Amino acid sequence: MRTMWKGAISFGLVNVPIKLYTATEASDVKFNYLHARCQTPIKYEKRCPTCDEVVSPEDIVRGFEYEKGKYVIMTEEDLAGIAIEQTKSIDILDFVDLSQIDPIYYSKTYFVTPGDGGQKAYALLRKAMQDTGKIAIAKVVIRSKQHLAAVRVYENCLALETMFFPAEIRTPTALPELNYEAKLSDSELQMATNLINNLAAEFNPDKYTDDYRKALLEVIESKLEGTAVSEVATKPETGKVIDLMEALRASIKLAQDEKGMNLPSDTPSPNVRPTRTDPETTPRRRRVVSG
């Protein structure tokens, strides 16, 4: 992996030289856009609609739109003149419990490794955080943007999670779809709770796979080999639930059957067939279409 940032972690009077490495990568299947007639990749140009000409990179400036169609021009000198202290330092502000942070704040993950001469201080910080069970809240500037960040122990290293500032988090209170009240009976709530308990399991990330990506690669491979393209049947859309209690009973029975459990004797036998399927056990129905 390539180092994408070098600096130091600063807490108290201690500075730990460190390096950052990107910890995640998207596994999207990427496509190029081609001209259908000749299959030539489409060329994207930065063109000025007023001058009707292609604009070169050196003729492009940054502009902040303060009114519709009106801009304040920001030069490189303007940006360089913005003083942000410790631009190469991860400044720890507080140590908190991980459970106190809602996942909505997290943005991107980086691995943190010791820099030259920082091995002992790095190991000390990692061990102290591991023993106390705390994570660090810090500020850091990456690529000319200041981030809130969380530094935590991950396996045998430290990981840095860039975070959104509170002002960047939207609130759901203004969503009109949430402006209603539902009357829930005790029996419905109990059944829903039972369903959740029957579907509860230990988190094992290895069991979750990108089924769409896998199917897409199969189609691409079939096209390369010149064979017929198979279509994977999609899960049918469920209609409106007529009897919520019956659907809950059926879902609980399905979950218990999958775990080899028996329904309690006082639980009525469901009369509706659940729509939940397990992608690991459900047969994949295919039909051949012309390639």
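What separates E246 and R249 in helix 5? The two residues lie three positions apart in helix 5 (residues 244–258), which means that about one helical turn separates them. This report describes that pair and other features of a predicted model.

E246 and R249 are joined by a salt bridge in which the closest N and O atoms are 2.8 Å apart. Both partners fall under the 20% limit that defines burial. E246 has a relative accessibility of 13% and therefore counts as buried. R249, at 17%, is likewise classed as buried. Elsewhere, K43, E45, R47 and D52 belong to one network, held together by salt bridges that share partners.

## Strand pairing around strand 7

Strand 7 (residues 89–97) runs parallel to strand 1 (residues 5–11), and three bridges connect the two. Within strand 7, S89 is the residue that stands opposite A8.

Strand 7 also pairs with strand 9 (residues 134–142), in this case in an antiparallel arrangement with six bridges. D94 has I137 of strand 9 as its bridge partner. As a general point, side chains in a regular strand alternate between the two faces of the sheet.

The structure contains 10 salt bridges. One of them brings together the side chains of D97 and K134, with an N to O distance of 2.8 Å. D97 has a relative accessibility of 29% and so counts as partly exposed. K134 is also partly exposed, at 29%.

A further salt bridge links E168 to K145, where the closest N and O atoms are 3.6 Å apart. Here too, distant parts of the chain are linked: E168 lies in the loop between strand 11 (157–163) and helix 3 (186–199), whereas K145 lies in strand 10 (residues 145–154), 23 residues away. E168 is partly exposed at 37% relative accessibility, and K145 is assigned to that category with a value of 37%.

Is T109 buried or exposed? Its relative accessibility is 17%, so T109 counts as buried. The residue is located in strand 8 (residues 106–114).

The side chain of T109 makes a polar contact of 2.6 Å with the side chain of E161. When residues up to four places away in sequence are set aside, T109 touches T22, A23 and T24, together with A159, L160 and E161.

## A nonpolar surface patch

Which residues form a nonpolar patch on the surface? The patch consists of Y33, I42 and Y44, which together have about 410 Å² of accessible area.

Y33 is placed in the loop between strand 2 (14–22) and strand 3 (47–48). With a relative accessibility of 61%, Y33 lies above the 50% limit and therefore counts as exposed.

Note on methods:
Residues numbered from 1 in each chain as written. Predicted model: local features only at pLDDT ≥ 70, side-chain atom pairs only at ≥ 80, totals over all residues. Heavy atoms only, no water. Pairing = 2+ DSSP bridges. Helix = DSSP H or I, 4+ residues; strand = E, 2+ residues; numbered from the N terminus. Salt bridge = Lys/Arg side-chain N within 4 Å of Asp/Glu carboxyl O. Buried < 20%, exposed > 50% of the residue type's maximum accessible area, 1.4 Å probe, protein only. Patch = residues over 30% accessible without salt bridge, like charges linked within 9 Å, V, L, I, M, F, W, Y side chains within 5 Å. Areas by Shrake-Rupley, 256 points an atom, 1.4 Å probe, with all protein chains shown as cover. Polar contact = N/O pair within 3.5 Å; in protein donor to acceptor, adjacent residues only side chain to side chain. Contact = heavy atoms within 4.5 Å.
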